[in-house]
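Please keep the sequence and the model in view while reading.

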Amino acid sequence: MMTSVDTELIRVLADPLRLHIVTLLAHETLCTTHLVEETGARQTNLSNHLRVLREAGVVETEPCGRFTYYKVRPDVIEKLAGSFTDLAATARATADADVRRACP
């Protein structure tokens with residue numbers, strides 16, 4: 001069953017730029033400068049999206065000198081993927097059993 005945490009993560013990842021950032025960070029740890037180059041987004045816009053991702057627990061930071069590097073928390077993505085897997089299994093079982101609510 002989807003939880004409110006899952007719903008919040010879906011909302012956070014529904015933004016195309018945030019999903020693109022997460023996809024890039026799944027491949028390597030990057031700093032804001034790298035992400036600006038890769039996405040073409042303005043630094044202030046990117047920083048706002050990174051803040052949302054950080055507050056949702058999707059990414060974590062790693063200071064390195066005057067730069068801050070970002071990396072994805074795979075456990076969060078796996079948990080969300082597991083919720084979708086469970087939802088798909090429920091839908092499959094419901095379809096196979098032809099569960100249907102009667103109309104009034």
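## A first residue

In which helix does Leu13 lie? Leu13 belongs to helix α1, which covers residues 4–13. The model is a predicted one, in which local features need pLDDT of at least 70 and side-chain atom pairs count only at pLDDT 80 or more, while totals for chains, interfaces and linings use all residues. Residues are numbered from 1 along each chain as its sequence is written, and side-chain values use heavy atoms, with hydrogens and water left out.

Leu13 has a relative accessibility of 13% and therefore counts as buried; the term buried means under 20% relative accessible area, exposed means over 50%, and partly exposed lies in between, with a 1.4 Å probe and protein chains only. Leaving aside residues up to four places away in sequence, Leu13 touches Leu19, Val22, Leu53, Val58, Ile77 and Leu80. A contact of this kind requires heavy atoms within 4.5 Å.

## Overall architecture

The protein chain contains 5 helices and 3 strands, and from the N terminus on their order is α-α-β-α-α-β-β-α. Its radius of gyration is 18 Å, well over the 13 Å that the globule rule gives for 104 residues, so the chain is more spread out than a compact globule. That radius is taken over C-alpha atoms, and the globule rule is 2.2 Å times the number of residues to the power 0.38. Helices (H or I, at least four residues) and strands (E, at least two) are DSSP runs, numbered from the N terminus. Along its principal axes, the C-alpha trace spans about 65 × 25 × 20 Å.

Of the 104 residues, 27% are buried. Among contacts between residues at least 6 apart in sequence, 51% join residues at least 24 apart.

Helix α4 covers residues 43–55 and includes His49. Is His49 buried or exposed? His49 is buried, with a relative accessible area of 11%. Not counting residues up to four places away in sequence, His49 touches Asp15, Leu17, Arg18 and Ile21. Asn48 also lies in helix α4, but Asn48 is partly exposed, with a relative accessible area of 42%. The C-alpha atoms of Asn48 and Pro16 are separated by 14 Å, and the two residues are 32 residues apart along the chain.

Thr94 is found in helix α5, which covers residues 74–97. Thr94 is partly exposed, at 30% relative accessible area. Between Thr94 and Arg42 there are 46 Å in space, C-alpha to C-alpha, and the pair is 52 residues apart in sequence.

## Cysteines and charges

How many disulfides does a search of the whole structure find? The search finds 0 disulfides, a disulfide being a pair of cysteine sulfur atoms within 2.5 Å. For Cys64, the closest cysteine sulfur is in Cys31, at 9.1 Å, which is too far for a bond. Cys64 is partly exposed, with a relative accessible area of 43%, whereas Cys103 is exposed, with a value of 73%.

The chain carries 12 positive and 14 negative side chains, and the centres of the two sets lie 6 Å apart. Here Lys and Arg count as positive and Asp and Glu as negative, while His and the chain ends are not counted. The place of a charge is taken as NZ of Lys, CZ of Arg, CG of Asp or CD of Glu.
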